[in-house]
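Q: Could you walk me through how to read a helix packing and a few other features here?
A: Gladly, let us look at it together.

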Amino acid sequence: MWRQRSFLALWSAHTVSQFGTQITLFVIPVLALTALSATPGQLGLVSAAETVPFLLVGLPAGALLDRWDRRRVMVVADLGRAVAICVLPLGYALDTLSVPLLCAVAFVTGVFTVFFDIADQALLPSVVSRAQTADGNSRLEFSRSTAELAGPSLGGLLLQLLAAPLILLGDAASYLLSALLLRSVRTRRDDDQDHDQNRDQNRDQNRKHGRDDDHGHDHTEPRAAPESRMRTRIAEGLRFVLTHRTLRPLALATAIGNLASLGGALSALLAAYAVHDLRLSPGALGLALSLGNAGALLGAVVTGRLIRRFGLGPVLIVAKSLPGFAVLVLATAAPSRASTTVAFATGILACGVTVYNIGQVSLRQAVTPTALQARMNASVRFVIWGTLPFGALAGGLLGSWLGLRPALWLVGATGLLSCLPLLLAREVRALRAMPTGPESID
């Protein structure tokens with residue numbers, strides 16, 4: 001993998017883009033708290049605006065990306081997010097910053113993120129071989145999980161040194177760098193096209209010199225069949241996921257977990273809980289999260305060993321329950337030991353998320369035919385990310401009605417229950433090793 005330039009470029013672009021996204025997701029709520037004195041309910045609205053695009057455009061995006069150039073879509077998405085993020089520093093400078101503007105920018109960047117993330121996962125099998133997919137996913141998932149958990153901590157540290165608008169300009173620059181890196185990614189399709197182009201050039205030269213390599217055969221390319229309607233393609237992807245005995249419980253478990261995740265209810269509660277209840281500064285919160293992020297590295301290192309020792313199914317079940325347990329630990333924090341508790345809880349959460357996502361993303365790709373990869377990813381994202389805006393809204397409302405700490409107890413309990421669909425599905429529970437292809441499991 002280290003010798004594959006295209007994968008290294010894809011991995012680098014993925015890492016840079018994910019860090020830019022996660023820093024943005026952390027800085028925007030802090031900006032709302034400090035510059036606009038936003039309430040937990042308003043923070044929930046901003047968080048919901050970031051994730052509702054997965055519910056609205058995720059399915060059409062999957063159908064389109066099975067026909068579009070996925071690498072080009074990722075480049076356009078990076079450029080679009082860079083432009084959208086620059087609106088916030090401009091609004092701050094012009095004194096027009098408001099919660100509705102934050103929601104609008106969050107929504108636009110969320111739409112571009114939908115296309116980027118679905119194309120990102122669907123592109124990998126075209127860059128590496130099927131045998132290398134799990135290895136590639138391990139690296140991509142480590143970057144994603146690390147960015148998801150280190151992004152807020154890095155954002156908190158940067159807020160101690162720079163104003164939020166300047167940090168957002170840096171995030172926009174990270175998207176530009178990601179787009180530049182993606183331009184050097186080559187897929188197997190590109191190589192096939194180069195081969196076909198060279199073959200056609202040789203054929204033209206042979207004809208020019210009076211040589212006929214076709215031996216009298218007609219090589220007219222057959223006319224392509226008409227493209228199926230988008231509604232049909234979307235229905236095929238949804239039907240594949242919802243009727244698949246392995247993908248269905250994976251999607252359901254992840255959807256329930258996302259209600260309580262850093263992108264769901266916890267996103268509307270964490271910053272306010274740390275600042276108001278635990279009396280942590282953004283820098284102290286950032287440092288605690290940074291220490292806890294070692295759990296992501298631990299998860300990426302031990303995932304393969306855990307699967308070989310205990311089996312894929314049991315590892316997925318236990319890993320899925322760890323984030324809920326981590327939120328319950330977070331709810332016990334007191335101001336006197338706030339930093340230690342936040343770091344410990346973050347470590348548990350980071351390890352669980354990393355192990356689970358490496359396993360479940362690789363499993364999804366292993367049981368899905370290549371032609372359905374983008375639609376499968378879009379359908380799964382529709383189900384699992386579709387719960388994020390509801391979780392963010394619920395977290396904000398619960399934080400306003402019940403208080404931040406009681407809301408965290410409910411969020412943690414929801415996270416613990418998310419492993420039930422996996423526990424009840426024999427096809428997942430009994431898995432010992434990663435399937436070798438779609439035909440090996442269903």
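**Cysteines, fold and a helix pair**

Q: How many disulfides does a search of the whole structure find?
A: A search of the whole structure finds zero disulfides. Do keep in mind that this is a predicted model.

Q: Is C419 buried or exposed?
A: Buried means under 20% relative accessible area. C419 has 12%, so C419 is buried. C86, in turn, counts as partly exposed because its relative accessibility is 33%.

Q: How many helices and strands does the chain have?
A: The chain has 19 helices and zero strands. Of its 442 residues, 55% count as buried. Among contacts between residues at least 6 apart in sequence, 88% join residues at least 24 apart.

Q: What describes two packed helices?
A: The angle between their axes and the distance between the axes describe them. Here, helix 11 (residues 282-292) packs with helix 14 (residues 338-366) at an angle of about 40 degrees, and their axes are 7 Å apart. That angle makes helix 11 oblique to helix 14.

Q: Is the crossing of helix 11 and helix 14 left-handed or right-handed?
A: Their crossing is right-handed.

Q: Which residues in helix 11 meet which in helix 14?
A: From helix 11 come L285, A288, L289, L291 and G292; they meet S339, V342, A343, T346, G347 and A350 in helix 14. Sorted by class, this contact of helix 11 with helix 14 has seven nonpolar and four polar residues, and no charged ones.

Notes: Residues numbered from 1 in each chain as written. Predicted model: local features only at pLDDT ≥ 70, side-chain atom pairs only at ≥ 80, totals over all residues. Heavy atoms only, no water. Axes fitted to C-alpha atoms, helices over the stretch in contact; angles between N-to-C directions. Helix = DSSP H or I, 4+ residues; strand = E, 2+ residues; numbered from the N terminus. Parallel < 35°, antiparallel > 145°, perpendicular 65-115°, else oblique. Left-handed = near helix turned anticlockwise from the far one by under 90°. Contact = heavy atoms within 4.5 Å. Nonpolar A, V, L, I, M, F, W, Y, C, P; charged D, E, K, R; others polar. Disulfide = S-S within 2.5 Å. Buried < 20%, exposed > 50% of the residue type's maximum accessible area, 1.4 Å probe, protein only.
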